[in-house]
Amino acid sequence: MKQYKYKVNEAEYDVTIKSIVGNKAQVEVNGIPFEVDMQGSSLVEENLPTVAATDEAAPAAAPAAPAAEAAPAAPAAGPGAGAPVKAPLPGVVTAIPVKVGQAVKKGDTVLVLEAMKMENNITAEADGTVTGVCVAPGDSVMEGTVLLTIG
């Protein structure tokens with residue numbers, strides 16, 4: 001298991017490469033697990049560069065770059081306990097009208113996502129409290145990216 005810290009466009013990413021089998025890597029980006037399909041790479045765990053975790057941006061390591069692309073959402077406060085609210089489509093986060101600790105009701109707008117020049121209100125699926133915010137305004141997200149959690 002190798003750990004790296006990256007800073008991309010002022011967004012910090014903690015990347016842990018748990019395993020590599022063939023062209024599939026099991027990685028965790030800011031606490032969120034991903035399976036990354038590495039294209040054009042023949043890396044194995046033993047050949048991963050060793051980089052000390054620092055506050056400075058680490059040099060780019062080949063397997064971590066796809067992980068950063070797979071999870072472009074930069075955490076504002078990080079994931080919390082509870083049900084994740086995921087992006088229903090790819091887009092850009094334009095507004096987050098809720099804060100960690102704020103109570104929300106089912107149907108309340110918790111995030112605004114711009115996709116194809118349209119603003120889409122992302123709503124709470126249940127009553128609860130916002131326990132974590134995983135993205136920031138301006139972040140590009142892919143479908144299925146965890147935006148925030150409601151507990």
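I started with Glu28, which is partly exposed at a relative accessible area of 24%. I count a residue as buried under 20% relative accessible area, exposed over 50% and partly exposed in between, with a 1.4 Å probe and protein chains only. The model is predicted, so I kept its cut-offs in view: local features need pLDDT of at least 70, side-chain atom pairs count only at pLDDT 80 or more, and totals for chains, interfaces and linings use all residues. Residues are numbered from 1 along each chain as its sequence is written, and side-chain values use heavy atoms, with hydrogens and water left out.

**Salt bridges**

I searched the whole structure and found three salt bridges. The criterion is a side-chain nitrogen of Lys or Arg within 4 Å of a carboxyl oxygen of Asp or Glu.

The side chain of Glu28 meets that of Lys18, N to O 3.6 Å. This pair links distant parts of the chain, Glu28 in strand 3 and Lys18 in strand 2, 10 residues apart. Lys18 is partly exposed at 40%.

Next I looked up Glu35 and Lys24, which meet at 4.0 Å, N to O. Glu35 sits in strand 4 and Lys24 in strand 3, 11 residues apart. Glu35 is exposed at 52%, whereas Lys24 is partly exposed at 35%.

Lys5 and Asp14 form a salt bridge at 2.9 Å, N to O. Lys5 is partly exposed at 32%. Asp14 is also partly exposed, at 38%.

**Sheet**

I then traced the strands (DSSP runs of E, at least two residues, numbered from the N terminus). Four of them form an open antiparallel sheet in the order 1-2-3-4. Strand 1 (2-8) and strand 4 (32-37) are the edges, each pairing on one side only. Pairing here requires at least two DSSP bridges between two strands.

Strand 2 (residues 11-21) and strand 3 (residues 24-29) pair in the antiparallel sense over six bridges. I checked Ser19: its bridge partner in strand 3 is Gln26.

**Cores**

For cores I took sets of buried Ala, Val, Leu, Ile, Met, Phe, Trp, Tyr and Cys residues joined through side-chain atoms within 4.5 Å. The largest has 18 residues, and Val110 and Leu111 have the most contacts inside it. Strand 8 (109-115), strand 10 (128-133) and strand 12 (146-150) each supply at least two residues of this core.

I listed contacts of Leu111 (heavy atoms within 4.5 Å). Not counting residues up to four places away in sequence, Leu111 touches Val93, Ile96, Ile122 and Leu148, among others. A second, separate core of 12 residues includes Tyr13, Ile17, Ile20 and Ala25.

Terms used:
Helices (H or I, at least four residues) and strands (E, at least two) are DSSP runs, numbered from the N terminus.
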